[in-house]
Amino acid sequence: MSNASNDHSSKLSAPGQSHSSHAAIGSEDTGHGAEHCHHHGEHTHREPSEVEKRHGGYICPMCAGVWSPVPAACPMCGMALETVAITADAGPSPELIDMFRRFWISAALSAPLLVVAMGRHMAPDLFAAAPARMLDFAELLLATPVVLWGGKPFLERGWSSIRTRNLNMFTLIALGVGAAFAYSMVAVLAPGIFPASFRDESGAVGLYFEASAVIITLVLLGQVLELRAREQTSGALRALLDLTPRTVLQINEDGSDSEVALETILTDGRLRVRPGDSMPVDGIVLEGRGSVDESMVTGEPLPVEKAVGDAVIGGTLNGNGSLVIQAEKVGADSLLSRIVQLVTDAQRSRAPIQALADRVAGYFVPAVVASALVAFATWSIWGPPPAVAHGLIAAVSVLIIACPCALGLATPMSIMVASGRGAEAGVLIRNAEALEQLAKVDIVVVDKTGTLTLGRPVLVAAIPAPGFEEAEFLRLAAGLERGSSHPLASAIVDGAEARGISLPDTPGDFTSVTGQGVQGTVEGRTLLLGNAQFLDAHGIPNKALVKQAGAHRSTGASAMFAAVDGKLAGLLVVADPIKETTPEALSALHAAGIEVIMLTGDNAATAAAVGKKLGITRIEADLLPEDKYAIIQLLQAEGKVVAMAGDGINDAPALAQADVGVAMGTGADIAMASASVTLVRGDLNGLVRAIRLGRATMWNIRQNLFFAFAYNALGVPIAAGVLYPVLGLLLSPMIAAAAMSLSSVSVISNALRLKHTKL
């Protein structure tokens, strides 16, 4: 259940100030100026600073800008605050445990109370032997612990909402239950003070203990269901953190191993990862070779081979090889921790559509209180006897059935479930606004290198000249390139190794000629590797392969001639290949009615070749970072909702400017920091899933808001008694409470359907 207050941003105190009469703890006590009040756990109404976030604290899951250094209740919506950070060792929610205990005890007391109260009216003969006063006191004794203990959190929050003028659902619960219980208690303890207008035909004053107790029990049930749904999402995040081991094998300076706690590991520490163990941190392989299952993080089902120099991700499962790794990112900086923090932040963020619910709720609660007063006055003046008692029933029913819990839950529950669903699919949503904008995207702007393509050169072809075998000339060429640190050289070496070719030792007499090629000796043989001009300068004919080289260059690839002992040996083709998943993703985007534009800093010929392969007709090449930024601004000026997908440092400005910035999880950290969506697997199919998730989420939110508005539009008039003149029906407060809880359950259930959305 959630808030019903006005837009909260206007109620936030400035940093360093407390809201209302909150008492401040000196900043020297906490190191970061934390403030709170000891009365009922009140706290500051403001955004926490970055320092405070790192120190933890508590925030409201529903209301933006509410933070406290200690456990407390939100003064806006009344919800208990949650811890800022989710940790692997966090147990079940204390609020869930508390509400569950209160619910079962309240239900156990409400059941006999309901039997006594309803039995006295529906089967009076069964209770004829018991004195009426004794039954009255029995009801009082059964109802008192339910209302005053079971309902204590709601009564406290209701009183706080009135005192701070942040009216919400607990305002209505406290007023409704408090009025029914106080009226009934006075009727038992001092029945003589009531005039005739309060009495029925037999002269007795009606009691509504069962209504107040059952209302509390049903509200507790709603709280339990809601908290359990939120706990499931948090549990999924804790399961991610549980992937990392609690202890690790640290390699000491003398080469020995010692088992230490994970939290003691520092950057650059050397760790041993045995077969079957999980990677403790993000790091680099220093020794060993093996396959690593990264599916729990990237979603990629096949194990990934890791060798010296390869990066590993904390939480992934080492297969059959023993590895020594160097820690690079530990603790909160690790990929798993950042994933959890991104999802947590997204779940607690507010979509712009939530502002509509806030504005409506801000007027709704006062309107409901006014409606309850009007209903009470109308029944008291014109209702049948006992008129005032009927008026009280109508007023309490209006207050209870109109609790805006469904309205407050409509957006946050959908955002919470959708963020978790996205994380399962390898789509990390930074905030709720990104989900809303994803649903509206009509243009996707993509970078080429690293987004449409792999982002690194790969040997795609080795074409031997007459008289040479492919494997032999490639072996010699790769042996020569072992002396170079150029990216194209690395591609050739990696390509040869991937083909299972055993490479010669480091070349001798290695020389690099800038802009032309390299030369040296391998196993006593003289090798040249470079462009046509390089071979021409050494008098080596190369016309036999010039045509094939030109054909490959027209597709954006780099073609290099190889010569052995003065003879043309073959042609090596290196390219940045298109990702296998890219064509499928672009087809899905086009099918969804979304235009795709390529913006790249690469040359026009290469960009055109890639665009032709992928069916992208609108291409802008030779762009600087500020050019991409400006083009996105122009598209937005045309009224387009733009999603930008990129992976490099040069994409960061454009990612930040776009309505939705989408970063490849395999790209630069600055790109991920600038984007509102990160695709863990680093392919555009993730963007397709993100857009589908955004559309499904917004449709789900609209359904929830419709349920909430329709429920209140129908429920309040019925509770006020508009059907009484026609059908003789006056809604019981218990039925009103059941209907109110049912509306919350319907919204929660509808939001949980997002967990099974096909992406």
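In this tour, a helix is a DSSP run of at least four residues, and helices are numbered from the N terminus. The model to be explored is a predicted one.

**First stop: helix H3.** Select residues 94-122, which make up helix H3. Within this helix, highlight Phe100 and Trp104; they are four residues apart, so about one helical turn separates them.

**Second stop: the two rings.** A pair of aromatic rings is described by the distance of the centres and the angle of the planes. How are the rings of Phe100 and Trp104 arranged? Their centres are 5.9 Å apart and their planes meet at 80°; because planes over 60 degrees apart count as edge-to-face, this pair is edge-to-face. Now display the surface. Phe100 is partly exposed, its relative accessible area being 32%, and Trp104 is also partly exposed, at 49%.

Across the whole structure, a search finds four aromatic pairs.

Select Arg102 and Trp149. The charged end of Arg102 sits over the ring of Trp149, 5.0 Å from the ring centre.

**Last stop: helices H4 and H5.** Select residues 132-150 for H4 and residues 152-163 for H5. Their axes lie 5 Å apart and the helices pack at an angle of about 50°; the two are therefore oblique to each other. Which residues meet here? From H4 come Val147, Leu148, Trp149 and Gly150, and from H5 come Lys152, Pro153, Phe154 and Leu155. By class, this contact comprises six nonpolar residues, one polar and one charged.

How values were computed. Residues numbered from 1 in each chain as written. Predicted model: local features only at pLDDT ≥ 70, side-chain atom pairs only at ≥ 80, totals over all residues. Heavy atoms only, no water. Phe/Tyr/Trp six-rings, centres within 6.5 Å; stacked < 30°, edge-to-face > 60°. Buried < 20%, exposed > 50% of the residue type's maximum accessible area, 1.4 Å probe, protein only. Lys NZ or Arg CZ within 6 Å of the ring centre and 35° of its normal. Axes fitted to C-alpha atoms, helices over the stretch in contact; angles between N-to-C directions. Parallel < 35°, antiparallel > 145°, perpendicular 65-115°, else oblique. Contact = heavy atoms within 4.5 Å. Nonpolar A, V, L, I, M, F, W, Y, C, P; charged D, E, K, R; others polar.
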